[in-house]
Amino acid sequence: MSEQIQKITVTIDGKTVEVDPGTTILNAARQIGGEVVPPAMCYYKPLKGSGGKCRTCLVEVSKGSEKDPRPMPKLVASCSTTVMDGMEVKNKSSERVVDARKGVVEFLLINHPLDCPVCDQAGECSLQDLAFEHGADTSRYEFKRREFDKIDIGEYIKLHMTRCILCYRCVYVANQLTPNREHGILKRGDAAEISTYIQNSLENDFIGNVIDVCPVGALTDKTFRFRSRVWYTKPMDASCDCGKCGGKAVLWMIGNEIARVTARKDQYGEVEEFICNDCRFNKKELKDWNVEGPRKISRHSVISTNHYEKTAPAHTPLLNKA
Ligand code: SF4
Ligand code: FES
């Protein structure tokens, strides 16, 4: 008979949950849900080994465990710290955490251009959300920012290195979903950059997923760039019979046209099932897909603005038919 796993009790911002041993503080918080969940810019559950790079998920451990109740002296990264039985954690209820997070946002924005008005990621950018919630109104940075030329990586992907926050997620995608990785992070410190190493193009079947995992607008879909603001499109769940991937995607429609295809993401912005390049870049006709219906979008997201109203505007014939 299999032995029953002894659960561990952890309290985060006054809310208690029982989790399996080995669970990280971040994932324990996700089991509680809502406000107690720290933001995460580099951790990405479907990508093994991700996390520990950005420090946005810092929390305060005010009680180490039942056996050793001493608090941890420094804030810890919740995505890579495992819980102990009886641990007590403070997320938003800690002034130290709120202050540190503000500092992390300031660092992330040091070299990040303020080009949200023209960036394709606007409206679905984790850094935009983070800056809105934890950022300061002004910048104290007076030095020259890093500058890079935009780089074409392959037929479908454009890299804006100026926007990259070096979270490594795209590197993990290339490592874990494609047979031969051709890009990585070169150099160190403030010279570090994502590069394809002599600008080899990335042409593996699943490499398009780097676009979905990128938390900012550093990697963009060349078939969609500058076509529309995301909140003017209508996301629809759709599926297809694909020999390479599960074929479950979201179609971002402008009228009856498929403007963009992405994988489906959960409430933490993490891909539920990675999709292949064929589905993402080549199936842009409605006949390629079985449209299941409107994608449920959080009402807090700008993408939900004016969506699925009873009387759809004239330029959304697809919705008028539904
Ligand atoms: S390009 Fe995007 S996914 Fe890759 S390291 Fe930079 S921010 Fe992260
Ligand atoms: S999400 Fe934990 S360090 Fe980046």
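Author: The shell around ligand 1 divides into 13 nonpolar residues, no polar ones and one charged. This is a predicted model, in which local features need pLDDT of at least 70, side-chain atom pairs count only at pLDDT 80 or more, and totals for chains, interfaces and linings use all residues. Residues are numbered from 1 along each chain as its sequence is written, while chains are lettered from A and ligands numbered from 1 in the order in which they are written.

Reader: What makes a residue of this shell count as nonpolar or charged?

Author: Ala, Val, Leu, Ile, Met, Phe, Trp, Tyr, Cys and Pro count as nonpolar, Asp, Glu, Lys and Arg as charged, and the others, Gly among them, as polar. Among the 14 residues around ligand 1 (C-beta atom, placed from the backbone, within 6 Å of it), C164, C167, C170, C214 and A218 come nearest, and by that division Cys and Ala are nonpolar.

Reader: Which residues are buried in helix 3, and why are they said to line one face of the helix?

Author: In helix 3 (residues 126-134, a DSSP run of H or I with at least four residues), S126, L127, L130 and H134 are buried, which means that 20 or more other C-beta atoms, placed from the backbone, lie within 10 Å of the C-beta of each. Seen down the axis of helix 3, the directions to the C-beta atoms of its buried residues fall within an arc of 95°, so they line one face.

Definitions and conventions
Buried ≥ 20, exposed ≤ 12 C-beta atoms within 10 Å, placed from the backbone. Helix = DSSP H or I, 4+ residues; strand = E, 2+ residues; numbered from the N terminus.
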